[in-house]
Structures are given as C-alpha cells and as structure tokens.
Amino acid sequence: MFELYILLLFMILGAIIAVEIKDLLSSVIAVGAVGLGLSVAFLILKAPDLAITQLAVEILCLIILIRATIRRDIPTLNRRKEVVGSIIVLLFIGGFLFFAYLALKDLPSFGHPIMRVSQNYLAEGLRKTGATNLVASVILDFRAYDTLGEATVLFTAVIGVLAVLRRIGRKKVDEVVKEEDE
Amino acid sequence: MNKKIKQPGMTLIVKTITRLTVGLILLYGIYIVTHGHISPGGGFAGGVIIALSFIHLMLAFGKDLALRKLSEKLAAFFESFGAIMFLTIGLLGFIGGYFFFNFIFKGKPFNLFSAGIIPLCNIAICFKVGAGLFAVFVALILLKVPIKKE
Amino acid sequence: MIYLMCFILFSIGIYCILVKKNLIKIIIGIGIAGYAVNLFFILVGYRAQGRAPILAQDQVIQNMVDPLPQALILTNIVIGLAVTVLIVAIAIRIYEKYGTFDITKIRRLRG
C-alpha cells in the first residue's frame with residue numbers, strides 16, 4: 001500500500017495549496033487535482049464504480065466552480081490576518097486530531113474489516129438478485145430505500161437551484177418596492 | 001474578422017473535435033447505464049456522463065444549438081419521468097409482496113437481460129440524474145449577472 | 001496511520017471553513033471535507049489483497065472488498081455535487097446583490 005500513502009500526501013499537499021493560495025482560479029484548479037487524486041485512490045482501493053462516478057462528477061463540479069469564479073474581478077483580501085482566531089482554530093483542530101487518534105485505536109486495523117452484514121450480501125447476492133455487479137445489487141435491491149432518498153435530495157436541490165436563479169417575478173434593477181409589498 | 005466574433009462558441013478547432021467526440025461520449029454513457037448490473041458503472045455515473053455530453057456541446061457551440069437538441073422543458077419532463085418511473089417500479093413490487101420487490105424473472109447471470117428490475121431502475125436513475133444536472137447547468141448559464149459598481 | 005492522514009485531510013477542510021472569509025474558499029473547504037469522509041468510508045471497507053466486488057465468469061473469488069460502504073458512498077458523491085451546485089447558486093445571487101464574496105462585508109451591508 002505504498003502508492004496509497006504517496007497519493008494521500010499528494011492530496012493533502014493539493015488541499016493546502018487550494019486553501020492558502022490567493023488567486024481563486026488557481027484554488028479551484030487545485031481542488032480539482034485533489035478530486036482526481038481521490039478518483040485514482042478509489043481505483044487502488046478496488047472500487048471501480050466509485051472511480052468512474054468520481055471522475056465524471058469532478059469534471060462537472062470543476063466546470064461549475066470555474067463558471068462561478070471567472071470574470072469576477074475579486075479584490076484580493078489583503079486585510080491583516082486575525083491571529084487570535086487562527087490560533088484558536090488550530091488548537092481546536094489539534095484536539096480533534098488527538099481524540100481521533102485515540103478513537104482510531106478501537107477500529108479494526110486497515111485491511112481487515114469485520115463485514116458482518118456484507119458476508120450475507122456477498123454470499124447470496126447473485127442468487128437473490130441475479131446481478132453480477134454486487135454494488136448495483138446492493139444499491140438497487142437490498143437497500144433501494146437509500147436510492148429513493150437520494151433521488152428526493154437531488155430533486156430538492158434542483159428545485160432549489162431553479163428557484164434561487166429564477167428570472168420571472170424578481171425585482172428589476174431600478175424598481176423600488178414598498179415595505180408592505182415585500 | 002467581425003463575422004467570427006459574432007458567431008457563438010469557441011474556435012474552429014474545438015468545434016471540429018467536438019463534432020467528432022460528442023457522439024462517442026453519449027454512446028459511452030448509454031453503454032455504462034445499460035451494462036450497470038454486469039460491469040462497473042450504473043445509473044449515477046452514466047447519467048452524469050450523458051449530462052456532460054450535452055454540456056460539452058453547449059460549451060463548444062454556444063447555448064442555442066444545445067438547447068435546440070434538448071430544451072429546458074424537455075429536461076424538466078425527463079427528470080420528472082425518471083422520478084415517476086422509479087417510484088412506479090417500486091410500487092409494482094406490491095405484486096409480489098413488498099416495496100421494491102424484484103418481480104421480473106431474473107434470467108441467466110452475465111446476460112444483458114438479467115437481474116430483474118435492476119436495469120430498469122438504472123435507466124430511471126440515469127434519466128433523473130442526467131436531466132437534473134443539465135437543467136441546473138442551463139440555469140447557471142442563462143443567468144446574466146450585472147456587474148455592480150461600488 | 002493511513003486513517004490519521006485521512007483525518008488530516010478532513011481537518012484542512014474544517015480549517016478552511018472556519019478561518020477563510022471568502023465564500024468560494026468556504027465552498028472549497030466543504031468539498032475537501034466531503035472528499036475526506038468519502039475516502040474514510042472506503043478505507044474502512046478495504047480488505048487486504050481484496051478484489052473488486054464484481055463476479056467473474058467461471059471462477060470463484062474468495063476475498064472481495066466490502067460492497068456496503070461503496071454503495072453508500074456512490075449515492076453520497078452525487079448528493080455532494082447537487083449540494084455544491086446549490087451553494088454556488090446562492091453565492092452567485094449574493095454576488096449579484098452585494099457585489100462581493102467577502103462574508104464580513106455582506107454581514108455589514110445587511111445591517
């Protein structure tokens with residue numbers, strides 16, 4: 001699993017660059033690099049369905065983020081840094097990592113999962129559903145309620161975007177609306 | 001020179017390459033969806049890839065041509081159709097006893113027509129995800145933001 | 001050890017959300033934290049020398065990785081994209097109304 005460590009180091013480096021760089025377009029491109037690294041990590045961890053999905057989703061996400069940032073002449077924020085706030089946040093993150101380290105000792109070690117539920121799925125998936133891709137048999141047959149909820153969330157998000165970005169029934173630029181009308 | 005500026009979309013090189021590749025991308029998405037129960041892939045990945053093919057067309061040729069191929073109304077119709085198809089498949093399971101019951105004959109494994117309702121569910125999810133993401137992207141493109149001076 | 005690196009990636013996202021003042025930077029922080037959570041689920045489900053959970057013709061595969069976290073994350077990736085699009089739409093409306101992405105200025109203008 002040596003290549004996985006290198007890939008994670010690359011992702012952490014990309015994330016730090018994306019957080020700390022001043023230019024917004026470079027930041028968006030750096031987060032795209034992190035997402036593509038995640039796609040390769042899924043491939044190494046033997047999850048090809050997720051690798052395909054992550055690759056396609058990352059490209060679409062990158063297009064939308066670039067659409068949001070391009071042609072906005074954003075003044076670079078050259079305010080003085082709030083030192084106290086940053087130190088408090090860093091202390092909080094240090095505590096979080098310490099307790100995470102304590103909690104991770106109780107997990108089963110890497111590469112040896114428990115798989116109490118999945119034994120059943122692996123043994124009887126083909127006989128009960130007839131699908132040879134076991135991930136598809138889990139998401140669409142054994143746990144189809146998850147997919148139904150996902151469809152609901154997606155529908156709500158699409159309706160939310162269309163409502164936020166609508167063009168009908170909005171105030172015009174010069175129009176003055178009284179208080180009681182609003 | 002003036003005529004080139006008035007034309008929507010990108011340059012000639014991008015348009016030629018797009019004309020060659022966009023059909024292949026659409027075909028790849030359909031392949032991913034229909035073989036989702038045998039090989040890696042499925043409704044989510046295929047739907048996003050199909051949406052990306054239309055977005056590719058829109059980025060290269062401008063918004064008019066892409067909207068002529070798949071208009072906003074049609075995208076909204078397809079999204080609702082996907083949702084209703086998925087729910088109908090779930091409700092038809094009451095024939096056999098419970099919600100999302102796999103009521104179709106399962107067929108032989110490793111064939112294209114096997115696994116009962118799973119390919120139909122994949123197609124429904126593909127309609128829903130692809131049309132929904134395309135509608136969102138159209139809404140983001142059509143919005144003209146007036147630059148406000150402080 | 002590799003779990004801890006995944007948590008470091010998550011905490012970078014949290015740091016970005018808490019400290020930065022730019023709306024686009026906050027969206028990027030949410031995205032990085034989401035990537036870390038997705039990766040952690042798959043890391044927990046991995047089995048040493050495992051195979052992908054796809055049956056092959058004419059052979060029996062003994063050690064497959066866990067398909068359950070993969071199914072959960074497969075839905076989560078698409079939901080993450082939808083949520084990101086929703087936040088970007090709201091950010092564009094805020095830019096249209098106030099002409100800035102800086103959250104402290106937005107709060108001041110609201111009064």
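**A surface position and its setting**

Tutor: Leu91(A) is located in helix 4 of chain A, which spans residues 83–104; helices (H or I, at least four residues) and strands (E, at least two) are DSSP runs, numbered from the N terminus. The model is a predicted one, in which local features need pLDDT of at least 70, side-chain atom pairs count only at pLDDT 80 or more, and totals for chains, interfaces and linings use all residues, while side-chain values use heavy atoms, with hydrogens and water left out. Residues are numbered from 1 along each chain as its sequence is written, and chains are lettered from A and ligands numbered from 1 in the order in which they are written.

With a relative accessible area of 62%, Leu91(A) is exposed; the classes are buried (under 20% relative accessible area), exposed (over 50%) and partly exposed in between, with a 1.4 Å probe and protein chains only. Leu91(A) belongs to a nonpolar surface patch together with Val83(A), Val84(A), Ile87(A) and Ile88(A), and the accessible area of the patch is about 520 Å². A patch is built from residues with over 30% relative accessible area and no salt bridge, joining like charges within 9 Å and nonpolar side chains (Val, Leu, Ile, Met, Phe, Trp, Tyr) within 5 Å. Accessible areas come from the Shrake-Rupley method with a 1.4 Å probe, and for residues only the protein chains shown count as cover.

Of the 182 residues in chain A, 43% are classed as buried, and its accessible surface amounts to about 10500 Å², with 66% belonging to carbon and sulfur atoms. Among contacts (heavy atoms within 4.5 Å) in chain A with a separation of 6 or more, 39% link residues 24 or more positions apart.

The contact involves 86 residues from chain A and 70 residues from chain C.

The rule finds 1 salt bridge across this interface, where a side-chain nitrogen of Lys or Arg must lie within 4 Å of a carboxyl oxygen of Asp or Glu. Lys20(C) forms a salt bridge with Glu20(A), with the closest N and O atoms 3.6 Å apart. Helix 1 (2–19), helix 2 (23–44) and helix 3 (67–98) of chain C each supply at least two residues of the side that touches chain A. Helix 3 of chain C gives the most to that side, with 23 residues.

Chain B, finally, has 6 helices and 0 strands. Buried residues account for 47% of its 150 residues, and chain B exposes about 8100 Å², 72% of which is supplied by carbon and sulfur atoms.
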